[in-house]
Amino acid sequence: QVQLVESGGGLVQAGGSLRLSCAASGSIFSINRMGWSRQAPGKQRELVAQINSGGTTNYADSVKGRFTISRDNAKNTVYLQMDSLKPEDTAVYYCNAYVRSNRWDWVWGQGTQVTVSS
């Protein structure tokens with residue numbers, strides 16, 4: 001069993017910053033991609049940012065230049081630094097990872113709430 005545990009969400013004013021962390025634990029042989037998605041009320045879940053094991057990143061257009069994804073492979077942890085936050089960034093943020101345990105599979109965290117007030 002592999003688990004992802006997120007932390008770092010909360011309430012922040014527009015223009016502020018937050019840093020999300022997500023640590024993978026359990027029977028892990030390898031992790032390929034790690035990333036963050038978000039889901040706002042009444043909307044579909046959308047990809048925010050992703051990073052592969054080599055450090056290549058991709059971002060949603062809506063967060064380019066404001067969010068930075070990074071990872072610490074030794075700690076099986078992925079981070080999302082969110083700067084210049086806007087009210088439209090308000091959502092539940094979910095960590096995900098493509099993990100090899102006894103097979104390759106996608107694993108999701110439980111989600112952490114990010115609320116940006118105007």
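1. Accessible areas here come from the Shrake-Rupley method with a 1.4 Å probe. By that method, the accessible surface of the chain comes to about 6,300 Å², and carbon and sulfur atoms account for 44% of it. Please keep in mind as you read on that this is a predicted model.

2. A word on the overall build. The chain has 11 strands and zero helices, so the elements read β-β-β-β-β-β-β-β-β-β-β from the N terminus on. Along the principal axes, the C-alpha atoms fill a box of roughly 45 × 25 × 20 Å. The radius of gyration is 14 Å, which agrees with the value near 13 Å that a compact globule of 118 residues would have. Buried residues make up 41% of the 118 residues. Of the contacts between residues at least 6 apart in sequence, 55% join residues at least 24 apart.

3. Now to a sheet that you can trace by eye. Four strands form an open sheet in the order S1-S3-S8-S7, with antiparallel pairing. Strand S1 (2-7) and strand S7 (67-72) stand at the edges; each has a single partner strand, so one side of each is left without a neighbour in the sheet. On average, neighbouring strands of this sheet are turned by 15 degrees against each other, direction ignored.

4. S1 and strand S3 (residues 18-26) pair in the antiparallel sense over six bridges, and Val5 stands opposite Ala23 in S3. S3 and S8 are likewise antiparallel, with six bridges; here Leu18 has Met82 in S8 as its bridge partner. Six bridges also join S7 to strand S8 (residues 77-82), again antiparallel, and Asp72 stands opposite Thr77 in S8.

5. For context, most residues other than glycine have a negative phi. Asn76 is partly exposed, with a relative accessible area of 24%.

6. Ser84 also has a phi near 50 degrees, positive in a residue other than glycine. Its place is in the loop between S8 and strand S9 (91-100).

7. Which residues make up the aromatic cluster? Tyr98, Trp104 and Trp106 form one cluster, and the structure holds two aromatic pairs. Tyr98 and Trp104 are stacked, at 5.2 Å centre to centre and with 20 degrees between the planes. The rings of Tyr98 and Trp106 have centres 5.1 Å apart and planes at 40 degrees, so this pair is tilted. The labels follow from the cut-offs: planes under 30 degrees apart count as stacked, over 60 as edge-to-face, and the rest as tilted.

8. Trp104 is partly exposed at 37% relative accessibility, and Trp106 is partly exposed at 34%.

9. Finally, a look at Arg45. This residue lies in the loop between strand S4 (30-39) and strand S5 (46-51), and it is partly exposed, with a relative accessible area of 37%. Leaving aside its neighbours within four places in sequence, Arg45 is in contact with Ser37, Arg38, Gln39, Tyr94 and Trp108. Between Arg45 and Asn76, which are 31 residues apart along the chain, the C-alpha atoms are separated by 24 Å.

Methods: Residues numbered from 1 in each chain as written. Predicted model: local features only at pLDDT ≥ 70, side-chain atom pairs only at ≥ 80, totals over all residues. Heavy atoms only, no water. Pairing = 2+ DSSP bridges. Helix = DSSP H or I, 4+ residues; strand = E, 2+ residues; numbered from the N terminus. Axes fitted to C-alpha atoms, helices over the stretch in contact; angles between N-to-C directions. Rg over C-alpha atoms; globule rule 2.2 N^0.38 Å. Buried < 20%, exposed > 50% of the residue type's maximum accessible area, 1.4 Å probe, protein only. Contact = heavy atoms within 4.5 Å. Phe/Tyr/Trp six-rings, centres within 6.5 Å; stacked < 30°, edge-to-face > 60°.
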